Amino acid sequence: MYQLSKAPLLNAQQIDKRLESLAQELKACDFDIILSVLTGSYIFTADISRRIACPNLQIAFIKASSYGNSTESQGKVQISGIEKIEIKNKRVLLIDDILDTGNTMCALVKTLTELNPASIKTCVLLNKESRRTVDYHADFVGFDIENKFVVGYGLDYANDYRTLPEIWTLEEV
Ligand code: 5GP
Ligand code: MG
């Protein structure tokens with residue numbers, strides 16, 4: 001059994017403030033396309049992309065799953081939806097919700113590289129550095145957090161909690 005922490009780890013105002021500065025960093029990079037990893041990053045992607053607000057910036061969504069209904073990664077990453085997206089010679093910004101073991105980002109960057117983009121940079125809302133099992137660092141990070149399972153602001157546990165505006169820790173009871 002799990003329950004939400006008593007107070008949010010990051011409230012809406014803290015998220016807003018960080019996104020504002022992150023968007024300025026991203027704006028300076030002149031990306032051609034954002035590739036957003038569903039489903040966890042849907043809110044982050046919407047909020048950050050409208051702050052970048054560049055008329056020629058395209059957006060596309062791909063799916064990567066490794067978790068099922070567990071809070072522990074199952075290691076193998078399934079990727080879908082990349083086939084239909086024009087990536088060749090484009091400056092790609094890959095956006096995910098959270099960098100945990102690093103398996104997902106590593107697998108995605110490897111797959112995308114084979115499609116010959118002009119460049120690939122990665123951006124995650126949350127980074128759990130202590131959980132890393134592969135040597136991987138995102139180019140842009142919203143917040144560094146401790147090794148806790150978090151939900152809200154797009155992130156789920158068994159598909160619940162995604163629509164909460166804040167980021168919460170899920171605690172075992
Ligand atoms: P990695 O492959 O880096 O271990 O895991 C990345 C994926 O696992 C993320 O895209 C996210 O879907 C999921 N994940 C990792 N940590 C958490 C967490 O604390 N909360 C939630 N909801 N998902 C997580
Ligand atoms: Mg994910």
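These legends describe close-up views of one predicted model.

**Conventions.** Residues are numbered from 1 along each chain as its sequence is written, and chains are lettered from A and ligands numbered from 1 in the order in which they are written. In this predicted model, local features need pLDDT of at least 70, side-chain atom pairs count only at pLDDT 80 or more, and totals for chains, interfaces and linings use all residues, while side-chain values use heavy atoms, with hydrogens and water left out.

**View 1. Arg-18 and its contacts.** Arg-18 sits in helix 1, residues 12-27. Helices here are DSSP runs of H or I with at least four residues, strands are runs of E with at least two, and both are numbered from the N terminus. The Arg-18 side chain makes a polar contact with the side chain of Ser-21 at 2.8 Å. It also reaches the backbone oxygen of Val-141, at 2.8 Å. A polar contact is a pair of N or O atoms within 3.5 Å; within protein, one must be able to donate a hydrogen and the other to accept it, and residues adjacent in sequence count only if both atoms are side-chain atoms. Leaving out residues up to four places away in sequence, Arg-18 touches Glu-25, Val-141, Gly-142 and Phe-143. Contact means heavy atoms within 4.5 Å.

**View 2. The buried residues of helix 2.** Buried means under 20% relative accessible area, exposed means over 50%, and partly exposed lies in between (1.4 Å probe, protein chains only). The buried residues are Ile-43, Phe-44, Thr-45, Asp-47, Ile-48, Ser-49, Arg-51 and Ile-52. They pack against helix 1, strand 2 (33-38), strand 3 (58-65), strand 5 and strand 6. Just after helix 2, Ala-53 takes a positive phi of about 45 degrees.

**View 3. Salt bridges.** The whole structure holds 10 salt bridges. Each is a side-chain nitrogen of Lys or Arg within 4 Å of a carboxyl oxygen of Asp or Glu. Lys-128 and Asp-100 form one of them, at 3.7 Å from N to O. This pair links distant parts of the chain, 28 residues apart. Lys-128 lies in the loop between strand 6 (119-127) and strand 7 (140-144). Asp-100 lies in the loop between strand 5 (91-99) and helix 3 (103-113). Lys-128 is buried, at 5% relative accessible area, and Asp-100 is buried at 9%.

Arg-132 forms a salt bridge with Glu-129, with the closest N and O atoms 3.5 Å apart. Arg-132 is buried at 16% relative accessibility, whereas Glu-129 is partly exposed at 38%. Arg-162 forms a salt bridge with Asp-156, where the closest N and O atoms are 3.5 Å apart. Arg-162 is buried at 13%, and Asp-156 is partly exposed at 22%. Asp-16, Glu-20 and Arg-51 are linked in a network of salt bridges.

View 4. The strands run in the order 1-9-8, with antiparallel pairing. Two strands pair if DSSP finds at least two bridges between them. Strand 1 (2-4) and strand 8 (150-151) stand at the edges. Each has a single partner strand, so one side of each is left without a neighbour in the sheet. Strand 1 pairs with strand 9 (residues 168-172) in the antiparallel sense over 3 bridges. Tyr-2 has Glu-172 of strand 9 as its bridge partner.

View 5. A disulfide is taken as a pair of cysteine sulfur atoms within 2.5 Å. The closest cysteine sulfur to that of Cys-106 is in Cys-123, 16 Å away, so the two are too far apart for a bond. Cys-123 is in no disulfide either; its nearest cysteine sulfur, that of Cys-29, is 9.9 Å away. Cys-106 is partly exposed at 29% relative accessibility, whereas Cys-123 is buried at 0% relative accessible area.

**View 6. The surroundings of ligand 1.** Around ligand 1 are 15 residues; the closest are Asp-97, Thr-101, Thr-104, Val-150 and Asp-156. A residue counts as near if one of its heavy atoms lies within 4 Å of the molecule. A polar side-chain atom of Asp-96 lies 3.0 Å from an oxygen atom of ligand 1. An N or O atom in the Thr-101 side chain is 2.4 Å from a ligand 1 oxygen atom. Gly-102 places a backbone N or O atom 2.8 Å from an oxygen atom of ligand 1.
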